[in-house]
Amino acid sequence: MQAHERKRRSLGFLWYYYSVRKVKEGEIAMKATVFCEHGGVDKLTYTDMEKPKITPYEVLVKVKACALNHLDIWVRQGLPGIEIPMPHISGSDIAGEISEVGIEVKNFRPGDKVIIAPGVRCRKCVSCITNNDSMCNSFKIMGFQVQGGYAEYAKAHVDNIIPVSQKLSFEEWAAVPLVFITAWHMLITRGQLRPGEQVLIHAAGSGIGSAAIQIARLAGARVIATARGKEKLEKAKQLGADEVVDYSKENYAERVKVLTNNKGVDLIFEHIGPDTWEKNLQCLTKGGRMVVCGATSGPQATMELRFLFMKQHAIIGCYMGSKKELLDVLNLVESGRLKPVIDSIFSLKEAAAAQQKMLNRENFGKIILKI
Ligand SMILES: [Zn+2]
């Protein structure tokens, strides 16, 4: 064996030995719940993944809590035409402690309590500069097009790191970002909800529904909320809904007409899809708006176009929100005017059971993974 070959082999062995040792000591490995192919909850696996490596402007966060969102389910099932990293780490709502900062990061230190803003933007284009982050051509969401928080560690650009106080627990902070930012963007920014208007909010028990009730109430609107079952209706009232309708027992469109003296509501908070689409338009007042951010019951809906133009309805698509909107929401949470609603807490290992609970619609508020 020639000298340089001996040297290469011994260096290779040293590298291997060093790597294994580091994995064993947990320096470069971390636990995560991932999926390697699209499919049902059975595709989720609790395993070892490489700990993310940071660049000079990035921050490594030791994840303490990560909230579930419906997005996690859509991404696991697979969205046509959208590439995602595999094996995939879901989880858009991350709260934790800074573990490491890049050499150019001057405003944070290891140990700081933070959340990661879920929207990844370019920070340079007109949309980003004017606080329309989700219109940015390179806009991505943590846990969707980039790796998320179903893991012991997650990394993000320093632009996404937001300090939070000790006032709330990690689980409570993790329950805030995605649903509150989206509900705010829908009701306030896009929906232009005004005091005295009447708003219909679907699925009060969902994370986004429980956020929307509070925001609509704060905006001074009269809130009509739908949910299934006595217990959820009661909780919706406690959150601030003025009227509640059990959609499994009565035709909510008829009920809304009665509750609004046949006028209909001014704004509808829609995220259900074909199950609610046509009925929604029946109980929307002339000139009313419907803001839409999701379609949990399926991707296609039909509608009577003649009513759309005769009643001059506006249907407004909404996609998450901006960092500025998130900061506004966080201030309201900090001051106690908005409250994260937690349904239950699971361990990282139990992510499949946690997602199944959300699929079964057994939750009221957010389901959290404690890590
Ligand atoms: Zn941009």
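Analyst: Contact here means heavy atoms within 4.5 Å of each other. This is a predicted model, in which local features need pLDDT of at least 70 and side-chain atom pairs count only at pLDDT 80 or more, while totals for chains, interfaces and linings use all residues. Residues are numbered from 1 along each chain as its sequence is written, and side-chain values use heavy atoms, with hydrogens and water left out.

Let's start with Asn-280, a residue of helix α9, which covers residues 277–282. Helices (H or I, at least four residues) and strands (E, at least two) are DSSP runs, numbered from the N terminus. Is Asn-280 buried or exposed? With a relative accessible area of 0%, Asn-280 is buried (buried is under 20%, exposed over 50%, partly exposed in between, for a 1.4 Å probe and protein chains only). Which residues touch Asn-280, once neighbours within four places in sequence are set aside? Its contacts are Leu-200, His-202, Tyr-252, Ile-268, Glu-270 and Met-290.

Now for the sheet. Six strands make an open, parallel sheet, running β12-β11-β10-β13-β14-β15; two strands pair if DSSP finds at least two bridges between them. At its edges are β12 (243–246) and β15 (314–317), each pairing on one side only. From one strand to the next, the twist averages 20°, with angles taken between N-to-C directions of lines fitted to C-alpha atoms, on a scale from 0 to 180 degrees, and for helices over the stretch in contact. Helix α7 (residues 230–239) packs on this sheet, where it touches β11 (222–227) and β12. The directions of α7 and β12 make an angle of about 160°.

Strand β14 spans residues 284–292 and is joined to β15 by four bridges in the parallel sense. In one of these pairings, Val-291 has Ile-316 of β15 as its bridge partner.

Elsewhere, four cysteines hold a zinc ion: the SG atoms of Cys-122, Cys-125, Cys-128 and Cys-136 are its protein donors, 2.3 to 2.4 Å away. Donors are N, O and S atoms within 2.8 Å of the metal (3.2 Å for Na, K and Ca). Angles of 103 to 116° among the four donor atoms make the site tetrahedral, a label for four donors whose angles all lie between 85 and 135 degrees. Along the sequence, the donor residues follow the spacing C-x2-C-x2-C-x7-C. Cys-125 counts as partly exposed because its relative accessibility is 23%.

Note on methods:
Tetrahedral: all angles 85-135°; square planar, octahedral: opposite > 155°, others 65-115°.
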